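Hi everyone, thanks for coming. Please take a moment with the sequence and the picture, and then I'll walk you through them.

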Amino acid sequence: MSIADKRIVKPRRKTPREQPVFEHVDVDDQQITARLSDGRAVSVPLWWSWRHEQATPEQRATWNIIGAGGIVEWEEIDEHLSVHGFLH
């Protein structure tokens with residue numbers, strides 16, 4: 001086997017389309033829960049976002065999914081969370 005035949009095979013990275021995206025978000029007085037396109041539900045404690053801790057229930061319930069699904073924003077409280085941030 002020649003040197004040319006010995007190739008390093010790196011693990012294949014996921015393409016942007018394979019990355020999970022937000023489908024739905026719920027915020028209560030204890031946690032922020034995101035439902036992702038791959039079927040997972042990921043929760044973080046509410047204190048993870050001081051803006052959510054200080055927000056009213058109405059402000060917590062008013063969100064938009066942006067950035068091709070990778071970001072959820074709460075415009076009124078100027079908060080943006082990413083799928084990457086939830087998972088890492």
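**A short tour**

Let's start with Glu79, which counts as buried at 9% relative accessibility. Buried here means under 20% relative accessible area, exposed means over 50%, and partly exposed is in between, using a 1.4 Å probe and protein chains only.

Before going on, a word on where this comes from. This is a predicted model, in which local features need pLDDT of at least 70 and side-chain atom pairs count only at pLDDT 80 or more, while totals for chains, interfaces and linings use all residues. Residues are numbered from 1 along each chain as its sequence is written, and side-chain values use heavy atoms, with hydrogens and water left out.

Back to Glu79: its side chain meets that of Arg51 in a salt bridge, at 3.7 Å from N to O. Glu79 lies in strand β6 (residues 79–82) and Arg51 in helix α1 (residues 50–54), so the pair ties together parts that are 28 residues apart in sequence. By salt bridge I mean a side-chain nitrogen of Lys or Arg within 4 Å of a carboxyl oxygen of Asp or Glu. Helices (H or I, at least four residues) and strands (E, at least two) are DSSP runs, numbered from the N terminus. Arg51 is partly exposed, with a relative accessible area of 25%.

How many salt bridges are there by this rule? The count comes to 2. Asp38 forms one with Arg40, where the closest N and O atoms are 2.6 Å apart. Here Asp38 is partly exposed at 42% relative accessible area, and Arg40 is partly exposed at 38%.

Now step back to the whole chain. The secondary structure comes to 3 helices and 6 strands, and along the sequence they follow the pattern β-β-β-α-α-β-β-β-α. Of the 88 residues, 27% count as buried.

Next, have a look at the sheet. Three strands form an open sheet in the order β1-β2-β3, with antiparallel pairing. Strands β1 and β3 stand at the edges with a single partner strand each, so one side of each is left without a neighbour in the sheet. Neighbouring strands are turned by 20° against each other on average, direction ignored; the axes are lines fitted to C-alpha atoms, for helices over the stretch in contact, and angles run from 0 to 180 degrees between N-to-C directions. Two strands pair if DSSP finds at least two bridges between them, and β1 and β2 pair over 5 bridges. Within that pairing, Phe22 stands opposite Leu36 in β2.

Phe22 leads us to the inside. Which residues touch the most other members of the largest nonpolar core? Of its 15 residues, they are Phe22, Ile32 and Phe86. Such a core is a set of buried Ala, Val, Leu, Ile, Met, Phe, Trp, Tyr and Cys residues joined through side-chain atoms within 4.5 Å. The elements β1 (22–27), β2 (31–36), β3 (41–45), β5 (71–74) and α3 (83–87) each supply at least two residues of this core, and β2 gives the most, with 3 residues.

Let's finish with Phe86, in helix α3. Phe86 is buried, with a relative accessible area of 8%. Leaving aside neighbours within four places in sequence, Phe86 is in contact (heavy atoms within 4.5 Å) with Phe22, Ile32, Ala34, Val42, Val44, Trp48 and Leu81. Phe86 and Ala34 are 52 residues apart in sequence and 8.3 Å apart in space, C-alpha to C-alpha.
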